[in-house]
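I opened this entry to record what I looked up in one protein chain. My notes follow the order in which I checked things.

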Amino acid sequence: MKKLPVLFVIAIFIGIVSCKENDDYWTQYEQWRDTNDAWFIEQLGAKDDQGNPVYTKVVPNWDKSIYVLMKYYNDTSLNRNAQSPYQTSTVDVIYKGMLYDGTPFDSSYLKTDSIYRCRVNQNIKGWIVALEQMKVGDSCRVIIPQTLGYGAQYVSSLILPYTTLVFDMKLVDIPGLEKPVNE
């Protein structure tokens with residue numbers, strides 16, 4: 001019974017230290033955060049030569065308060081009958097991850113097998129939103145706001161807290177997903 005108060009004190013201490021670290025990151029990375037957020041907002045309003053939005057604001061059905069920006073590289077009408085993954089689906093993806101300024105930080109091409117296989121729901125929220133919208137064969141650029149990426153988390157010397165993430169990705173396959181009867 002005496003262990004309960006000790007565990008409670010330890011939990012409170014960890015919570016305070018965690019909050020303190022994030023508060024320090026908020027101040028320490030203020031300029032980085034502001035630059036990333038401003039670039040994201042700029043992309044949200046970007047127009048092509050004909051005055052059309054460059055990116056589509058993609059809002060998931062399961063949370064209307066969040067969104068990513070997507071631009072397809074392929075003609076999506078050609079993949080209209082292809083399948084989209086569910087959050088619990090396993091997917092094969094080829095991708096390249098970059099910072100807002102184009103600095104690469106990760107790529108499936110750097111790995112032994114260029115295909116990244118994962119369950120959709122085991123990724124950052126921005127990937128979940130994007131993958132649910134994609135169909136097999138789609139290639140796109142996805143811009144993920146820091147809140148749907150790693151947020152205030154320090155990931156590496158390149159992925160600092162409050163980093164906007166940019167991915168060029170292609171949904172190659174949904175292994176194990178049953179095909180429609182009409183195929």
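Among contacts in the chain between residues at least 6 apart in sequence, what percentage join residues at least 24 apart? I found 70%, where contact means heavy atoms within 4.5 Å.

**Ground rules**

I noted that this is a predicted model, in which local features need pLDDT of at least 70, side-chain atom pairs count only at pLDDT 80 or more, and totals for chains, interfaces and linings use all residues. Residues are numbered from 1 along each chain as its sequence is written, and side-chain values use heavy atoms, with hydrogens and water left out.

**The whole chain**

I counted three helices and seven strands. Helices (H or I, at least four residues) and strands (E, at least two) are DSSP runs, numbered from the N terminus. Along the sequence I read the pattern α-α-β-β-β-β-β-α-β-β.

The chain has 183 residues, and 36% of them count as buried. Buried means under 20% relative accessible area, exposed over 50%, and partly exposed in between, with a 1.4 Å probe and protein chains only. I put the accessible surface of the chain at about 11,200 Å², with 54% of it belonging to carbon and sulfur atoms. The areas come from the Shrake-Rupley method with a 1.4 Å probe, and for residues only the protein chains shown count as cover.

**Strand β3**

I looked next at β3, residues 90-98. Seven of its nine residues are buried, so the strand is largely enclosed by the rest of the structure. Which strands pair with β3? I found β5 (residues 116-119), antiparallel over four bridges, β7, antiparallel over seven bridges, and β4 (residues 104-107), antiparallel over three bridges. Two strands pair if DSSP finds at least two bridges between them.

I also wrote down single partners. Val91 is bridged to Cys118 in β5, Gly97 stands opposite Phe167 in β7, and Met98 has Pro104 in β4 as its bridge partner. Five residues lie between the strands in the hairpin of β3 and β4, where Gly102 has a positive phi near 95°.

**The loop between β6 and β7**

Tyr162 lies in the loop between β6 (139-144) and β7 (165-173). Its phi is near 70°, a positive value in a residue other than glycine. I noted for background that most residues other than glycine have a negative phi. Is Tyr162 buried or exposed? Tyr162 is buried, with a relative accessible area of 5%.

Gln146 is found in the loop between β6 and β7 too. Gln146 counts as buried because its relative accessibility is 11%. Leaving aside neighbours within four places in sequence, I listed its contacts as Asp37, Gly151, Tyr162, Thr163 and Thr164.

**Pro53**

I found Pro53 in the loop between α2 (30-44) and β1 (56-58). Apart from neighbours within four places in sequence, Pro53 is in contact with Ala46 and Lys47. Pro53 and Lys71 are 18 residues apart in sequence and 9.4 Å apart in space, C-alpha to C-alpha.

**The largest pocket**

I recorded about 160 Å³ of space in the largest pocket. Among the residues that line the largest pocket are Tyr95, Asp106, Trp127 and Phe167. By class, its lining has eight nonpolar, one polar and one charged residues.

For the terms, I worked on a 1 Å grid over the protein atoms alone, where a pocket is an open set of points with protein on both sides within 12 Å along at least five of seven lines, and lining residues have an atom within 4 Å of a point. Ala, Val, Leu, Ile, Met, Phe, Trp, Tyr, Cys and Pro count as nonpolar, Asp, Glu, Lys and Arg as charged, and the others, Gly among them, as polar.

Key
On a 1 Å grid over the protein atoms alone, a cavity is a set of points where a 1.4 Å probe fits but cannot get out, and a pocket is an open set with protein on both sides within 12 Å along at least five of seven lines; lining residues have an atom within 4 Å of a point. Grid points are joined across faces, edges and corners, and a volume is the space filled by probe spheres set on the points.
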